[in-house]
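Trainee: I would like to learn how to read a structure that is new to me, one feature at a time. Could we take it slowly and begin with the way its parts meet?

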2 protein chains.
Amino acid sequence: MTESTATALSSLSPAELEAFLETQRTAYAALKDRGLTLDLTRGKPSVEQLDLSNELLSLPRGHKDASGTDVRNYGGLSGITELRQMFADLLWVETEQVVAGGNSSLTMMHDCLVQLLLHGAPDSPRPWGQEETVKFVCPVPGYDRHFTMLASYGIEMLTVPMNDDGPDVAAVRELVKDPAVKGMWIVPTYANPSGSTCSQEVASALASMETAAPDFRIFWDNAYAFHHLTEDEAKSADIITLASGSGHPNRPIMFASTSKITFAGSGVAFLAASKANVDWYLGHQQFASIGPDKVNQLRHVQFFGTADGVREHMRKHREILGPKFAAVDEALTSALAGREVATWSKPSGGYFVNLDVLDGTASRVVELAKGAGIALTPAGASFPLGHDPRDRNIRLAPSFPVLDEVEAAMAGVATCVLLAAAEKLAGVRG
Amino acid sequence: MTESTATALSSLSPAELEAFLETQRTAYAALKDRGLTLDLTRGKPSVEQLDLSNELLSLPRGHKDASGTDVRNYGGLSGITELRQMFADLLWVETEQVVAGGNSSLTMMHDCLVQLLLHGAPDSPRPWGQEETVKFVCPVPGYDRHFTMLASYGIEMLTVPMNDDGPDVAAVRELVKDPAVKGMWIVPTYANPSGSTCSQEVASALASMETAAPDFRIFWDNAYAFHHLTEDEAKSADIITLASGSGHPNRPIMFASTSKITFAGSGVAFLAASKANVDWYLGHQQFASIGPDKVNQLRHVQFFGTADGVREHMRKHREILGPKFAAVDEALTSALAGREVATWSKPSGGYFVNLDVLDGTASRVVELAKGAGIALTPAGASFPLGHDPRDRNIRLAPSFPVLDEVEAAMAGVATCVLLAAAEKLAGVRG
């Protein structure tokens with residue numbers, strides 16, 4: 001944050017605050033008059049990013065994989081070997097520990113949850129669906145679709161803070177003493193939305209901690225493993241080795257996908273885990289699928305060429321995304337520095353900026369932004385059941401709009417943050 | 001069947017039978033000496049059929065659907081509209097009643113079953129998984145993967161005969177008086193493996209019958225709706241209109257796919273049902289998917305052009321498949337006519353020939369064929385839990401091998417049928 005001469009809003013005299021409020025009202029009225037239509041709601045790749053992968057539209061060349069299998073036909077539940085090898089390399093696991101699936105890692109997570117509910121894991125006393133209660137540890141803020149999936153099955157969600165180095169381990173350790181706590185979510189690298197990356201130490205603690213449930217599972221959603229925004233590239237903690245080394249090889253199930261590497265809706269999703277977990281997953285999926293789309297998998301193999309091809313491709317994304325994230329930070333710094341009404345993350349990877357505004361004003365900020373034509377993710381979305389107890393958290397997703405739209409939107413958001421804060425401090429509503 | 005001078009095996013004298021057995025042993029030894037490696041196990045399209053769709057490998061042109069949506073990005077859970085329209089036309093339903101999904105209709109069936117187990121339908125007293133017992137009506141012979149899916153969830157399977165015009169309605173009516181009977185499978189058109197097509201009358205009876213379960217569901221797997229082998233094209237019964245007209249609009253859920261139209265592993269699957277069922281399906285799938293592969297859907301739209309394009313394309317499949325099915329019939333007729341040891345279907349569509357051999361000899365035929373390098377689907381596969389109570393049913397899948405392989409394989413199978421029958425009648429084992 002740049003040095004600023006602006007005064008903290010809480011230090012203003014009543015008259016100064018009244019004047020400030022009027023200024024923000026005027027600024028907001030001007031913002032509304034601009035008639036913007038901007039959308040920062042979802043972590044979608046932009047058109048420019050999608051264009052990076054347009055070669056996929058005319059691939060694959062031929063229709064056989066490296067083993068000579070005709071990829072057009074049925075079969076091959078675990079995916080084609082050369083794509084599994086490529087992502088085994090990238091995810092730091094063995095090929096036999098990787099399944100290359102369909103177009104949605106969310107679907108693979110859901111598959112696992114359903115299998116746990118209806119069958120249980122080999123180390124489960126009974127199917128999770130036959131337990132009185134099932135609870136999950138949910139670091140917050142977190143990914144809304146993780147929470148809505150659990151909610152749809154009535155699974156109780158217990159929150160722990162997401163710190164700069166990952167989930168609060170002491171809080172997690174306390175919760176997992178309850179045998180009803182069967183699992184936890186985590187986005188370990190460039191987390192949605194905080195941007196923080198789980199350290200090796202935190203991962204090690206999660207891998208080795210005692211849990212009352214013998215079949216405790218960590219849903220390790222490594223959605224942003226390769227999604228660096230700077231040259232300082234985070235290395236994902238090697239949870240599978242850590243878990244194996246501490247005697248809990250089946251605890252983590254890792255997920256990843258090319259959704260934010262190639263085409264968001266038409267990529268390839270991956271599951272990586274112990275061989276026993278992979279066998280368990282495929283053992284049930286054999287009844288539910290004729291195998292993944294191998295043509296699309298071959299398409300991706302040819303497009304990337306090698307694991308390094310994936311890394312190289314991600315640098316092109318970085319060149320497009322980097323300036324947008326910089327624009328978010330600049331707009332917020334320029335308008336809010338010194339005002340002490342907001343803090344925000346400066347992520348070095350991933351898709352989101354986490355904006356924490358004055359307690360009790362997040363909903364109002366989103367409402368104001370909507371009134372000015374700027375769609376933001378609903379306040380509270382990053383919390384289970386959409387409930388942010390402090391009503392302060394807003395997830396900003398600057399990837400989809402073009403750069404000048406990001407700039408315009410964020411200037412507008414900053415105005416809304418200031419207006420909402422001034423209203424709150426002045427004890428009035430707009 | 002052509003007129004034949006061959007004598008029924010059961011009419012042979014003991015000495016004649018002994019001589020016949022010796023002849024067949026010699027024929028079988030000669031068959032083994034040929035060292036064949038042929039596979040009639042699965043209903044897979046042949047290379048020649050897959051080649052019909054190779055244009056897909058360099059499609060789509062562009063990346064926007066008719067509404068201007070960028071198909072490369074996230075979203076659109078129900079699939080792109082123009083593909084839904086095309087298959088609504090083909091399946092004789094409204095566009096809003098169709099979901100275009102991923103690459104596997106089996107997955108959509110499984111999704112529905114899982115939703116019923118974990119959530120139930122709107123007309124369910126409780127989730128099916130909370131019932132003491134769940135039972136399904138299973139016409140036999142039927143599709144093995146339908147049965148293995150149910151078995152994986154411990155669902156009890158009650159068989160009814162599959163007649164020439166569909167399931168035995170009287171038997172079904174009796175079974176559905178039990179409120180634990182929650183659903184039934186049917187492959188209504190060119191059934192797997194019998195080849196029979198459910199008549200409008202039978203469909204009407206199934207749609208209108210009283211069921212004790214208020215949430216009874218018919219899983220109407222219309223996998224072969226367009227897969228004609230002759231110019232006499234069967235029309236699938238319009239189960240959705242029939243069910244709606246008889247006051248049970250939510251009873252049927254139809255499934256279809258392009259797996260045996262374009263690429264078996266990389267096609268598009270469809271679900272068609274009442275609007276309420278579609279809403280129920282999507283209402284849960286929203287938590288489990290980021291949407292289907294819309295690029296692949298656009299690829300299919302461009303490849304087919306129109307619904308008539310699909311019909312035209314199917315005629316090319318017919319030209320390839322027709323001679324193979326004729327070869328099966330010729331080989332069986334030539335070797336078995338008059339012997340009274342086997343009957344077989346002469347399907348006018350679909351992917352299978354249903355061969356019923358002498359009671360108690362199907363396993364032996366499959367074993368003998370294996371010994372001669374001819375892989376057949378395991379005996380009993382078309383029955384729940386793999387158990388054919390008469391051990392007589394064999395499913396033949398002649399689509400994948402080239403024509404002369406089909407001829408060679410079927411001549412070999414006929415030899416095995418005769419040898420097994422002679423062994424049985426002579427009271428000996430090879």
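Trainee: How much area do chain A and chain B bury between them?

Mentor: Keep in mind from the start that this is a predicted model. Chain A and chain B bury about 4200 Å² between them, and 55% of that area is on carbon and sulfur atoms. In terms of contacts, 51 residues of chain A meet 51 residues of chain B. On the side of chain A, the residues that lose the most area to chain B are Arg72(A), Tyr74(A) and Phe287(A), which together make up 18% of what that side buries.

Trainee: Into which domains is chain A divided?

Mentor: Domain 1 of chain A is made of two stretches, 9-49 and 312-426, while domain 2 covers 78-305. The C-alpha centres of these two domains of chain A lie 30 Å apart. Between them, domain 1 and domain 2 of chain A bury about 2400 Å², with 64% of it on carbon and sulfur atoms, and the contact involves 27 residues of domain 1 and 31 residues of domain 2.

Trainee: Which residues touch the most other members of the largest nonpolar core?

Mentor: That core has 112 residues, and those with the most contacts to other members are Leu83(A), Met86(A), Phe87(A) and Trp220(A), together with Leu83(B), Phe87(B) and Trp220(B). To see the surroundings of one residue, take Met86(A): apart from residues up to four places away in sequence, Met86(A) touches Val301(A), Phe304(A), Gly305(A), Thr306(A), Ala307(A) and Val310(A).

Trainee: Let us turn to strands. In what order do the three strands of the open sheet in chain B stand?

Mentor: The general idea is that strands of a sheet pair through backbone hydrogen bonds, either parallel or antiparallel. Here the order is E10-E11-E13 in chain B, and the pairing is antiparallel. Strand E10 (342-344) and strand E13 (393-396) of chain B each have a single partner strand, so they stand at the edges, with one side of each left without a neighbour in the sheet. On average, neighbouring strands of this sheet are turned by 20° against each other, direction ignored. Helix H11 of chain B, residues 307-336, packs on the sheet and touches E10, E11 and E13 of chain B, and its direction makes about 160° with that of E10(B).

Trainee: How many bridges join strand E11 of chain B to E13(B)?

Mentor: Four bridges join E11 of chain B, residues 353-357, to E13(B), and the two run antiparallel. For a pair of facing residues, look at Asn354(B), which stands opposite Arg395(B) in E13(B).

Trainee: Is strand E9 of chain B largely enclosed or open?

Mentor: Strand E9 of chain B, residues 269-273, is largely enclosed by the rest of the structure, because five of its five residues are buried. Ala269(B), Leu271(B) and Ala273(B) point one way from E9(B), whereas Phe270(B) and Ala272(B) point the other way, and all are buried. Strand E8 of chain B, residues 252-257, pairs with E9(B) in the antiparallel sense over five bridges, with Ser257(B) opposite Ala269(B). Strand E2 of chain B, residues 98-100, is joined to E9(B) by three bridges and also runs antiparallel to E9(B); here Val98(B) has Ala272(B) as its bridge partner.

Trainee: In which sense do strand E6 of chain A and E7(A) pair?

Mentor: Strand E6 of chain A, residues 181-186, and E7(A) pair in the parallel sense, over four bridges, and Trp185(A) has Phe219(A) as its bridge partner in E7(A). Both faces of E7(A) are covered, with Arg217(A), Phe219(A) and Asp221(A) buried on one side and Ile218(A) and Trp220(A) buried on the other.

Trainee: Which residues of helix H12 of chain A are buried?

Mentor: In H12 of chain A, residues 362-371, the buried ones are Ala362(A), Arg364(A), Val365(A), Val366(A), Leu368(A) and Ala369(A). Among the elements that cover them are helix H1 (14-33), strand E11 (353-357) and helix H13 (403-426) of chain A. After H12(A) comes Gly373(A), whose phi is positive, near 80°.

How values were computed
Residues numbered from 1 in each chain as written. Chains lettered and ligands numbered in written order. Predicted model: local features only at pLDDT ≥ 70, side-chain atom pairs only at ≥ 80, totals over all residues. Heavy atoms only, no water. Pairing = 2+ DSSP bridges. Axes fitted to C-alpha atoms, helices over the stretch in contact; angles between N-to-C directions. Contact = heavy atoms within 4.5 Å. Core = buried A, V, L, I, M, F, W, Y, C linked by side-chain atoms within 4.5 Å. Buried < 20%, exposed > 50% of the residue type's maximum accessible area, 1.4 Å probe, protein only. Domains from an automatic or database assignment. Buried area = accessible area lost by both parts, 1.4 Å probe.
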